[in-house]
Amino acid sequence: MRIGLYPGTFDPLTLGHMDIITRACALVDRLVIGVAINRDKGPLFSLDERVAMVEGETAALSARTGVEIVVHPFENLLIDCARDVGAGVIIRGLRAVADFEYEFQMVGMNRALDDKIETVFLMADARRQAIASKLVKEIARLGGDVTKFVPAPINTALRDRFGPALSRDR
């Protein structure tokens, strides 16, 4: 069985993430979505909320593709998480050259820690390359419309979090 691990904080889950998840399903039999606890980033949504968001948005995809999608919170090294879930491949999404520079360093370190686990990069769809969770949160916090960047339930969660300043009719 081909098992892939797609890690991230998913704070919040975006359409860019969903694009990578959808395309990763073509590569593996089981996709583990590793939701990083990462207290240093000070997430907007709790771990439980982020896990629920990912589970909610990937259930139909799993049914449609036949790929088992498992959401797995983790706080250890990425390579240890990959070992824990039996992943032979780590899937990473790239938006721009700046992403590649950071990811290139990560691959080197991960290969030094375990050279049996491969890393596969998937380029974000051109329509999704500008989407970054950090920017989505900032736009939402300032009352902007993020409906083009996140699934509808995530948009609702952002509106609920930031209050009535957010509106669908903006």
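## Arg2 and Asp29

Arg2 is partly exposed, at a relative accessible area of 45%. In this predicted model, Arg2 pairs up with Asp29 in a salt bridge, and their closest N and O atoms sit 3.2 Å apart. Arg2 comes in the segment before β1 (3–8), while Asp29 is in the loop between α1 (15–24) and β2 (30–36), so the bridge ties together parts that are 27 residues apart in sequence. Asp29 is partly exposed too, with 30% relative accessibility.

## Glu49 and Arg161

Next up is a pair joining two helices. Glu49 and Arg161 form a salt bridge with an N to O distance of 2.6 Å. Glu49 belongs to helix α2 (residues 47–65) and Arg161 to helix α6 (residues 152–162), which puts the partners 112 residues apart. Glu49 has a relative accessible area of 29%, making it partly exposed, and Arg161 is also partly exposed, at 35%.

## Glu103 and Arg92

The closest N and O atoms of their salt bridge are 2.6 Å apart.

## The wider picture

Some salt bridges share partners, and that joins Asp80, Arg83 and Asp114 into one network. How many salt bridges does the structure hold? The count is 11.

Terms used:
Residues numbered from 1 in each chain as written. Predicted model: local features only at pLDDT ≥ 70, side-chain atom pairs only at ≥ 80, totals over all residues. Heavy atoms only, no water. Salt bridge = Lys/Arg side-chain N within 4 Å of Asp/Glu carboxyl O. Helix = DSSP H or I, 4+ residues; strand = E, 2+ residues; numbered from the N terminus. Buried < 20%, exposed > 50% of the residue type's maximum accessible area, 1.4 Å probe, protein only.
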